[in-house]
Structure formats: structure tokens, C-alpha cells
2 protein chains.
Amino acid sequence: MGDEQGRLLAQRRRPSRLSQHPERDLAALADEARALCAEAGLAFSALRGVGVSAPGPLDPASGVLLHPPNLPGWREVPVRRLLGDRLGLPVHVENDANAAPLAEWRFGAGRGFQHVVYLTMSTGVGAGLVLGGRLYTGKQGMAGEVGHAPVEWDGEPCACGGRGCLEAYVGGAAWTRRLAGATPAGSRVAVLAGAPERARPEHVVEAAREGDAFALSELGRYNDYLARGITTLVFALAPEIVILGTIPSAAGEALCLAPVRAQVLSRVWPLLGRELRIVASGLGPQLPYLAGLCVAIEAAAASGP
Amino acid sequence: MGDEQGRLLAQRRRPSRLSQHPERDLAALADEARALCAEAGLAFSALRGVGVSAPGPLDPASGVLLHPPNLPGWREVPVRRLLGDRLGLPVHVENDANAAPLAEWRFGAGRGFQHVVYLTMSTGVGAGLVLGGRLYTGKQGMAGEVGHAPVEWDGEPCACGGRGCLEAYVGGAAWTRRLAGATPAGSRVAVLAGAPERARPEHVVEAAREGDAFALSELGRYNDYLARGITTLVFALAPEIVILGTIPSAAGEALCLAPVRAQVLSRVWPLLGRELRIVASGLGPQLPYLAGLCVAIEAAAASGP
């Protein structure tokens, strides 16, 4: 729970504990929200609305989750109606790929900018776009699938069925698959992971910090492809700031941000690169809470005072 | 001259006849506009404003042309002030790369859509973006330089200094340079051009229509690279419609639009491709007039009734 200035007043993180009965799960969630409110000494009656940042695909207009691949058993779940009935409050549902950039724009690294590209960089890769001071989501909310724009025509196969997608090079899931086969048994990455086939991006980042040659070469490849994707977005959209999500934020300035920035600036025109910020996410672990809060704030702003 | 419904009431096309004295050239232009008005039987007093669609770089806020490479000798010319003083009307100046998509959106192929990508496809390549029902121009008006987003990393050198830019493959100027060296002496392209080194894109289009093998292979290459550029834009922006400018419009459905459409649809996700329109410019030779008219209309709308 939080206020319009992005101050979090109470928060709780818990496993999803999904049953095959979404209506029961959502009722339990609503009851927990009431209890959290009471524990935090907040008046439930002071709440103005509820924001839900959920995995897509979903329909923000009706507040229905369609068939999110990461919520097995949930199909066409009317989250807005179910939560709204239980809580007696207006409920707004937004794709988490859009809610995260909203939070970074309102309260994080993007604050004060008009043209913001936020790149989700974890298992998958996608962009959240704030263009001209408002969220841009395109036809049927599908904009920002830049993880599947090609960075090598006919390159590596991607889980989406395409080839050479940005995500096939810098998506966490794709990178993990690659590492399982590519990690040398003697490398620091393999030692940290316990075995080469268990190597993951976080082991690469950690081993790179220790100077491991294989890890540094893997991270160099990651940075190169990420810079390609950013270069295209800068030419197309002329953003003021590009905010990078999980993996680059974890890798940090020396191992990722600085080399990516240098490569992008060497490729884009000076006028486009001048004052262009390429930075890590500013919200870190608070991002999920603030994403939900932002959905509620945006909805309240859209419906008037 | 035209009205808010995009009806042209009078029009004139003439060579620029630039002297080294921009203020004199603009005074002559203003006098001609008055004369055109009289000849067409229109009351000058009925005019509400003047729209100028000019080559960039320029500053729309001040109405100053900075240093357009295609207007030699013109540097920092205050077009708004000079024309405004002479005509006694509000004058608005916009980059032609933005004015053309505005015209296609208001009165051409993009009418009624909210998310429109217009690709200038003549000497150079650039995008005009109407996103969420309004023109998007990015930081300092520099968005849409997709002609310089790479379609082959480290590919062909581009006039901009970069490598592998879309424009290095499908820009008219780059294609003309390539044709000068690549056109076989016996090809229909060379015959139409008079000599291989005088071959231009329009000769390729004409020869392809007659079935010339070299021309068809050149056009196939053009279509492939154009489809790459469009594919990236569709993933990033989820437009409803992509409108293609000069060269694709001249080449037409069978030689360009249909193959480009097929290639894009084979690469983008079904949900992004469903109902995606990839079409030729709808305004043809009226585009320059309507571009200027649109600049005047947008400015009038922004300043209120």
C-alpha cells in the first residue's frame, strides 16, 4: 500500500500458492490485503483503489487475465471483478511489462523525463515505452516486444519460433540454455554453479567480477547484443533515457552499463547520443510494489478526482 | 491552400530558385502566395494561418531553419518571422519528415488509425510516427531515424558514417551508387538508363515490370531489407498500419508491397501481424501540399479556436 507520491506504507511479498480455483485464490489475496492494512494501522476506508500488475496476456479494459503462461490453470480470470467484489474498491489490472516502466518513470530512474525506454532484462526481454509523457502500448497493447526484433538475421533460434531475436542472445532463459552447453568444466562459472550444466547468468556475473575469462567473454557477448538492441531503439525513438532491468542492474556499471553505453554511443549519431542516459533500474526490490501502486495511481488519474 | 477537411483550393509547384538571400526568397514566396490566392478567387483575409513543411534540421518552436543540407547557403533562417511579417498571418514550420506522416494520417492511407508508421522511402529513409493518436518526435524532434538502425551489423557503409544502416540498402541515393557499379551493360536497366553508370531506382522498377532478371534481383534485395526494417518496427511499436513512401509506392503491389508484406508476416508474431496493413502512400503527388496544410491545421488546433 502506498500514496500518490510513491511512498510505500505497507508491503508484503508472498509465494503465489495457486490452486486450480482462481476465485478462491483471489478471495484469499483480498482478505490478506485487509489484514495487512489492519496490521499496518491503516484505515481500510482510506484506500481509493487497487492496482494489479500481472503477467500478460491480459485485457486491461475488462481486467481479465487471459492465459498467462506463468500462471498455469488460470484462463480468462476476471481479476477486476473478483477482487473488486471482495474488497468493494475499484480495481485496475495492467500488464507487468507496462506497470514496471510506469513505476520507473514516476518514482525511479525515469522521473522527470518525457521519453523513456525501460527494458525488462530477466528471463525474457521486452520494452516498456513512455513516449511524450505517457505510456505507449500500441495495437492491442502489444508494443514493446523488442526482445523479438532481430539482431542477427537468421541467427540463433528463439523460443518464440523466430531466429536471431534479441532475446535469443540476452534473455536469461536463452542464456541459461547456452551456458549449459558452453561452460567449461574448469571455469569459475562452473565452480560457482556446482556443475557446468547448472550455470546461470548470475554465476557469470559473479565469476566475471572475479575476473574469470570465460565469464568475461560471455558478458562481452551479452553486452554487444544488448547494445545492438538499444542502438535500434535510440534511432527509432530518440529517448532521453534507457533503463535496464534485472541482469544489467545486477552486473552493474563496470561489467555491463559502461561497455553497453560506450558501444551505443559509438554507433548512434552524436545528437542522439548527447545526454542520452543508459542506466540501471532505480527501484530495485521495491519495483513490484511500486508497479502495482502505479497502476492504481494511473487509473485514479484517468478517472478524475 | 486548403481547408480543415484537407480539400485543396489552390496549389502551385515551382522550383526553389534559391538566391544567397533567404529574406528576399521568402518575400518573393509570400508575394506569390498572395497572387495565387487572388488568381484562385480566394479572399486573402479568409486565411487563418500558414504551414511550412521544410527540410530539417529546424526548430519548430522558433520556426528557424538551422542548416538544411539541401538548401545550400541557408543557415539559421527565421522562416516563421520573415514569412509572418510579410503576410501578416501566423506561420508554423515543421520538419517535412513529420509533416508528411501527419498528412497521410489525417487525409491519406492512415486516416482513422491510432498507431501509424510512415516510411519516407526516397533519397533517404526515415519514419514518421503517429503513436496513440498523435505525432511522436522524441528528444529534440529526432525520433524516426530508422534509416540508420542497423539491418546488417557491420554491413555496407552508409553516408551517415555508420555501417549496415537500413538506408545503406534501401535509400535511393545508396541504391543509385550501388547500381552505377553493379548494373550489367546488357541489362534492360542499363538500356533504360542510357548507360549502366546512369542507372537509378526508377529504371530498376521499370525494367522489373518488363521482367528483366537483374532488375528483379535488385528489387528482391530491396524488398528483403525493407522487410527487415519493418519487422523491427512492428515488434517495437505494434502499429496498425505501415505506409510506404516513394519507391515502394512507385514499384507497386506485385513488385514490392506484396513481397514485403509476405516477408514481414512470416517473421512477426501472428497477433502483431493480424490486420496489420502495409500499404503505399495514399496521397501521391498531393502529399507536399497536404503536408503544409497539415502543419497549419495542427498549429491552429494546438492554439485553440
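I began with B:R14 in this predicted model: its relative accessibility is 25%, so B:R14 counts as partly exposed.

Next I looked up its partner. B:R14 makes a salt bridge with B:E32, and the closest N and O atoms are 2.6 Å apart. I placed B:R14 in the segment before α1 of chain B and B:E32 in helix α1 (residues 22-39), so the pair ties together parts 18 residues apart in sequence.

I stayed with helix α1 of chain B. B:D31 forms a salt bridge with B:R86, with 2.8 Å between the closest N and O atoms. B:R86 lies in helix α2 (residues 79-87) of chain B and B:D31 in helix α1, so this pair ties together parts 55 residues apart in sequence. I noted B:D31 as partly exposed, at 34%, and B:R86 as partly exposed, at 42%.

I turned to chain A. Salt bridges with shared partners join A:R12, A:R14, A:E32 and A:E39 into one network. I also found A:E210 and A:R188 in a salt bridge of 2.4 Å, N to O. A:E210 sits in the loop between α7 and α8 of chain A, and A:R188 in helix α6, 22 residues apart. Over all chains, my search gave 25 salt bridges.

Last, I checked a sheet in chain B. It is open, with five strands in the order β8-β7-β6-β9-β10 and mixed pairing. I marked β8 and β10 of chain B as the edge strands, since each pairs on one side only. The twist averages 25° from one strand to the next. Helix α3 (residues 96-107) of chain B packs on the sheet and touches β6, β7, β8 and β9.

Note on methods. Residues numbered from 1 in each chain as written. Chains lettered and ligands numbered in written order. Predicted model: local features only at pLDDT ≥ 70, side-chain atom pairs only at ≥ 80, totals over all residues. Heavy atoms only, no water. Pairing = 2+ DSSP bridges. Helix = DSSP H or I, 4+ residues; strand = E, 2+ residues; numbered from the N terminus. Axes fitted to C-alpha atoms, helices over the stretch in contact; angles between N-to-C directions. Contact = heavy atoms within 4.5 Å. Salt bridge = Lys/Arg side-chain N within 4 Å of Asp/Glu carboxyl O. Buried < 20%, exposed > 50% of the residue type's maximum accessible area, 1.4 Å probe, protein only.
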